[in-house]
Amino acid sequence: MGTLARVAHGFSSNLVERAADVALKEGRPLIVVPRETPLSKIHLQNMLKLTEAGAIVLPAMPGFYHRPTTVADLVDFVVGKVLDRLGVDHALFRRWRTPEPRRAGVDVDEGEQ
């Protein structure tokens, strides 16, 4: 959270903070993946400040709807979400698919006639 706070306030004391600062300045993608928990009001305010500056805050919170069975599945989920935001194709997890709504009064086999 220290690095996140320094980036949110434009204070660059090392290469990671400077790279984040330049990404924001140049309008390039900046994805911040905080792992701290629980979050204090100050943490939330700093995350909001980064979001308002153009960053994407993507907390390392794995989903469970894909029914992970290993720790690697949990890690892959978070990494996959980051890659999604960067537009990078991957097969780290199966994406949620909303089923197509069935039209009233139409048989399932109608398309085969």
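**Pockets**

The second largest pocket is lined by Tyr65, His66, Arg94, Arg95, Trp96 and Arg97. The model described here is a predicted one.

*Second largest pocket*

- The space in the second largest pocket amounts to about 170 Å³.
- By class, its lining consists of two nonpolar residues, one polar residue and three charged residues.

*Largest pocket*

- The largest pocket holds about 250 Å³ of space. It is lined by 13 residues, and those closest to its centre are Thr3, Leu4, Val32, Val33 and Pro34.
- At least two lining residues come from each of three elements: helix H1 (2-8), helix H2 (15-26) and strand E1 (31-32). H1 gives the most to this lining, with three residues.
- The lining of the largest pocket comprises ten nonpolar residues, one polar residue and two charged residues.

**Helix H3**

*Length and faces*

- Helix H3 covers residues 41-52. Its twelve residues, at 1.5 Å a residue, should span 16 Å, and the C-alpha atoms at its ends are 16 Å apart, which agrees.
- The buried residues of H3 are His43, Asn46, Met47 and Leu50. Viewed down the axis of H3, these buried residues fall within an arc of 100°, so they line one face of the helix.
- In general, an α-helix has 3.6 residues a turn, so residues three or four places apart point the same way.
- Lys41 and Glu52, on the other side of H3, are exposed.
- The packing partners of the buried residues of H3 are H1, H2, E1 and strand E2 (56-57).
- Gly54 follows H3 and has a positive phi, near 115°.

- Leaving aside residues up to four places away in sequence, His43 touches Met1, Glu36 and Pro38.
- Leu48 also belongs to helix H3. Its relative accessibility is 47%, so Leu48 counts as partly exposed.
- Leu48 and Ala8 are 40 residues apart along the chain, and their C-alpha atoms are separated by 8.8 Å.

**Loop residues**

*Pro38*

- Pro38 is located in the loop between E1 and H3, and it is one of the residues that His43 touches.
- The peptide bond joining Thr37 and Pro38 is cis, with omega at about -5°.

*Arg67*

- Arg67 is placed in the loop between E2 and helix H4 (71-86).
- The phi of Arg67 is positive, near 55°, in a residue other than glycine.
- Arg67 counts as exposed because its relative accessibility is 71%, and the cut-off for an exposed residue is over 50%.

Terms used
Residues numbered from 1 in each chain as written. Predicted model: local features only at pLDDT ≥ 70, side-chain atom pairs only at ≥ 80, totals over all residues. Heavy atoms only, no water. 1 Å grid on protein atoms, 1.4 Å probe; cavity = no way out; pocket = protein on both sides within 12 Å on 5 of 7 lines; lining within 4 Å. Points joined across faces, edges and corners; volume = space filled by probe spheres on them. Helix = DSSP H or I, 4+ residues; strand = E, 2+ residues; numbered from the N terminus. Nonpolar A, V, L, I, M, F, W, Y, C, P; charged D, E, K, R; others polar. Contact = heavy atoms within 4.5 Å. Expected span 1.5 Å × (residues − 1). Buried < 20%, exposed > 50% of the residue type's maximum accessible area, 1.4 Å probe, protein only. Arc of directions from axis to C-beta.
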